[in-house]
Amino acid sequence: MAELHSCPLPAAVDAGPHRHRLPQIAGILLLAAMAAGCDEQRSSMGRFDLAWGRRGISDGRFQKPRAMAIDDANRIYVVDMTARIQAFDPDGRWLRGWQTPDHRVGKPTGLSVTADGRILVADTHYYRLLIYSPQGKLLQTIGGTPGQAPGEFGLVTDAVEDSRGNLYIAEYGEYDRIQKFTPDGRFLLQWGGHGSLPGQFIRPQNMAVDAEDHIWVADACNHRIQVFDSEGTLLKHWGTQGGAAGELYYPYDLIIAPDGSILVAEFGNHRIQRFTADGRSLGCWGTNGRQEGQLHNPWALVRDREGRIHVLDTNNHRVQRVKI
């Protein structure tokens, strides 16, 4: 299944086996306008703390890392364009790694961790979810057949677990939906659909689950956040396209902080933005660039036990740690 139904991504971004580019002149003007947005809030948002990783294919290096997750033991897992899942401590020291069974067609684009420490890998271009032990042993596979029927998938982007162990698996392509499964992989329900109406999606790239089992979705190509209950009922949505404070441009990941605020990684705006739960901006961190404290297409973020934010700085092939 080709990515013909995915949204156009910012210029020079690799979204998988196919690339989508904004027209060059329009893209330059848009990015220049967005660079001016939110600047007045950056200094109060957070402070750069550490950068680790560099481009390469050996242990501890990255080739366009595309997803990140953290477990209760403070181990950070990163998957990149070599289809390797690598585990690190919070200071970037390499612990171990493994590779998905097949990656000739494309590479995973989503990672998360269950309450009992299993690693959920969105094996995007193989239409399935791979579930591993923390040591890299494959424990379970859900899906593997492309299609629209229950239990079949388009291009899988992410999976998360609720308090009862149910799994929610997001996909984009033709279907742009979320499917819910029991812990043992039995289909329960689905919601969504390709589009921009409330409750629909255009590339639901990442999800988070709050204490009430509400599902927060980074609806990337609609430039918004949508929130659902565990049965798929839409509770709220917010976000409009742009680069000013309170606007979003390709939100690719989000995390829910202990105080209830929402941190969003904006792939297209090269920044992290913090919001109240109802979508009011509390500030931004990051500008486009290659230096420490700058970002180039951040894809994901996690929060460690010390409250530090780790940002997956994808096209700089590294992770940056921020104190917010």
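These notebook entries record what I looked up in a predicted model.

**Entry 1. Ground rules.** I note that residues are numbered from 1 along each chain as its sequence is written, and that side-chain values use heavy atoms, with hydrogens and water left out. In this predicted model, local features need pLDDT of at least 70 and side-chain atom pairs count only at pLDDT 80 or more, while totals for chains, interfaces and linings use all residues.

**Entry 2. The sheet with β1.** I looked up an open sheet of 4 strands, ordered β1-β26-β25-β24 with antiparallel pairing. Strands here are DSSP runs of E of at least two residues, numbered from the N terminus, and two of them pair if DSSP finds at least two bridges between them. I recall that strands of a sheet pair through backbone hydrogen bonds, either parallel or antiparallel. β1 (47–52) and β24 stand at the edges with a single partner strand each, so one side of each has no neighbour in the sheet. Neighbouring strands are turned by 25° against each other on average, direction ignored; the axes are lines fitted to C-alpha atoms, and angles run from 0 to 180 degrees between N-to-C directions.

I then followed the pairs across this sheet. β1 and β26 are antiparallel over 5 bridges, and Ala 51 has Gln 320 of β26 as its bridge partner. β25 and β26 also pair over 5 bridges, with Leu 312 set against Val 319 of β26 as bridge partner. Between these two strands the hairpin has 4 residues, and His 317 takes a positive phi near 55° there. β24 meets β25 (residues 309–313) over 5 antiparallel bridges, and Arg 303 has Ile 309 of β25 as its bridge partner. Of the 6 residues of β26 (residues 318–323), 5 are buried, where buried means under 20% relative accessible area with a 1.4 Å probe, protein chains only.

**Entry 3. The sheet with β10.** I found 4 strands in an open antiparallel sheet, in the order β10-β11-β12-β13. β10 and β13 (187–192) are the edge strands and pair on one side only. The twist averages 20° from one strand to the next. β12 (residues 177–181) and β13 run antiparallel and are joined by 5 bridges; Ile 178 has Trp 191 of β13 as its bridge partner. Their hairpin has 5 residues between the strands, and Gly 185 takes a positive phi near 95°.

**Entry 4. Nonpolar cores.** I took a nonpolar core to be a set of buried Ala, Val, Leu, Ile, Met, Phe, Trp, Tyr and Cys residues joined through side-chain atoms within 4.5 Å. The largest has 20 residues, of which Met 68, Val 78, Tyr 250 and Leu 312 touch the most other members. β2, β3 (76–79) and β24 each supply at least two residues of this core, and β24 gives the most, with 3 residues. Another core of 14 residues lies apart from it, with Ala 122, Ala 159, Leu 167 and Phe 181 among its members.

**Entry 5. The largest pocket.** I asked how much space lies in the largest pocket, and the value is about 880 Å³. On a 1 Å grid over the protein atoms alone, a pocket is an open set of points where a 1.4 Å probe fits, with protein on both sides within 12 Å along at least five of seven lines; lining residues have an atom within 4 Å of a point. Of the 33 lining residues, Ile 70, Val 113, Ala 208, Val 209 and Ile 255 are the closest to the centre of the pocket. Elements that give two or more residues to the lining include β2 (67–70), β6 (110–113) and β24 (298–303).

Methods: Grid points are joined across faces, edges and corners, and a volume is the space filled by probe spheres set on the points. Buried means under 20% relative accessible area, exposed over 50%, partly exposed in between (1.4 Å probe, protein chains only).
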